[in-house]
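Student: I would like to learn how to read the features of a protein model, one at a time. Could you show me the general idea first and then the case in hand?

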Amino acid sequence: MPVINWIGKDRVINHDKELPFKVLKPVKELSVGDNSDNLLIEGDNLEALKALMPFYYNQVKCIYIDPPYNTGYEGWEYNDKVNSPAIRAWLKKVVGVDDLERHDKWLCMMYPRLKLLKELLADDGLIFISIDDNELHNLRTIMNDIFGENNFKNIILIKRGAKSVQAQFEKIDKLGLGAEYILVYSKTTQF
């Protein structure tokens, strides 16, 4: 199985375990009724995932995430407080198209979140992740690492933009930019 390495990998592999649990606090004025089981969580998604763990560990049947595609134009910032000088240097800096560590930052951001999502997923659950060409190969590799290569179920191709294959070939600079993907993994091979 291919293995991927990146700047900061050694510091984020177990970052999900280092995070303290935070308590979810209801905000009455944002609630929709007194007896709703639905949650709308505002805040850092890594902390939110960790806060959900005591209530939903191994119970979620379906997860869909749409992470930054890491094109360099999203304006996202790496903000996880990992104890590493290299990673601390990334904090509060927008990840731009000319950032040579863009893929490293993206992988460091994704890895601990995907580990927590796997723990929330039920044994017969599925996770769907949208992505484009910028990180498809990296996402597939870390998903194989976290979920296992045997738990890869499918990749869904979503064609966008061009009305036909012919139209894509008319503008060679647009070749390969006309698709997005949804990776599908299960938690266990039982599914």
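**Helices, a buried pair and a sheet**

Tutor: Let us begin with two helices: H5 passes H6 in a right-handed crossing, where right-handed means that the near helix is turned clockwise from the far one by less than a right angle, and left-handed that it is turned anticlockwise. Please keep in mind that this is a predicted model, in which local features need pLDDT of at least 70 and side-chain atom pairs count only at pLDDT 80 or more, while totals for chains, interfaces and linings use all residues. Residues are numbered from 1 along each chain as its sequence is written, and side-chain values use heavy atoms, with hydrogens and water left out.

Student: At what angle do H5 and H6 pack, and how far apart are their axes?

Tutor: In general, two packed helices are described by the angle between their axes and the distance between the axes. Here helix H5 (residues 102–120) and helix H6 (residues 136–147) pack at about 35°, and their axes are 10 Å apart. Axes are lines fitted to C-alpha atoms, for helices over the stretch in contact, and angles run from 0 to 180 degrees between N-to-C directions; helices (H or I, at least four residues) and strands (E, at least two) are DSSP runs numbered from the N terminus.

Student: Which residues make the contact?

Tutor: Contact means heavy atoms within 4.5 Å. On the H5 side the residues include Trp 106, Leu 107, Met 110, Leu 114 and Lys 115, and on the H6 side they include Leu 139, Ile 142, Met 143 and Ile 146. The residues of this contact divide into ten nonpolar, two polar and three charged, where Ala, Val, Leu, Ile, Met, Phe, Trp, Tyr, Cys and Pro count as nonpolar, Asp, Glu, Lys and Arg as charged, and the others, Gly among them, as polar.

Student: Why does Lys 115 count as buried?

Tutor: Buried means under 20% relative accessible area, exposed over 50%, and partly exposed in between (1.4 Å probe, protein chains only). Lys 115 counts as buried because its relative accessibility is 15%, and Asp 16, in helix H2 (residues 15–18), counts as buried because its value is 1%.

Student: What joins the side chains of Asp 16 and Lys 115?

Tutor: A polar contact of 3.3 Å joins them; such a contact is a pair of N or O atoms within 3.5 Å, and within protein one must be able to donate a hydrogen and the other to accept it, while residues adjacent in sequence count only if both atoms are side-chain atoms. Leaving aside neighbours within four places in sequence, Lys 115 is also in contact with Ile 13, Asn 14 and Ile 146.

Student: How many bridges link E4 (residues 179–186) to E2 and to E3?

Tutor: Strand E2 (residues 121–131) pairs with E4 in the antiparallel sense over six bridges, with Ile 131 standing opposite Tyr 181. Strand E3 (residues 152–159) pairs with E4, also in the antiparallel sense, over seven bridges, and Asn 154 stands opposite Val 184. Seven of the eight residues of E4 are buried.

Notes: Two strands pair if DSSP finds at least two bridges between them.
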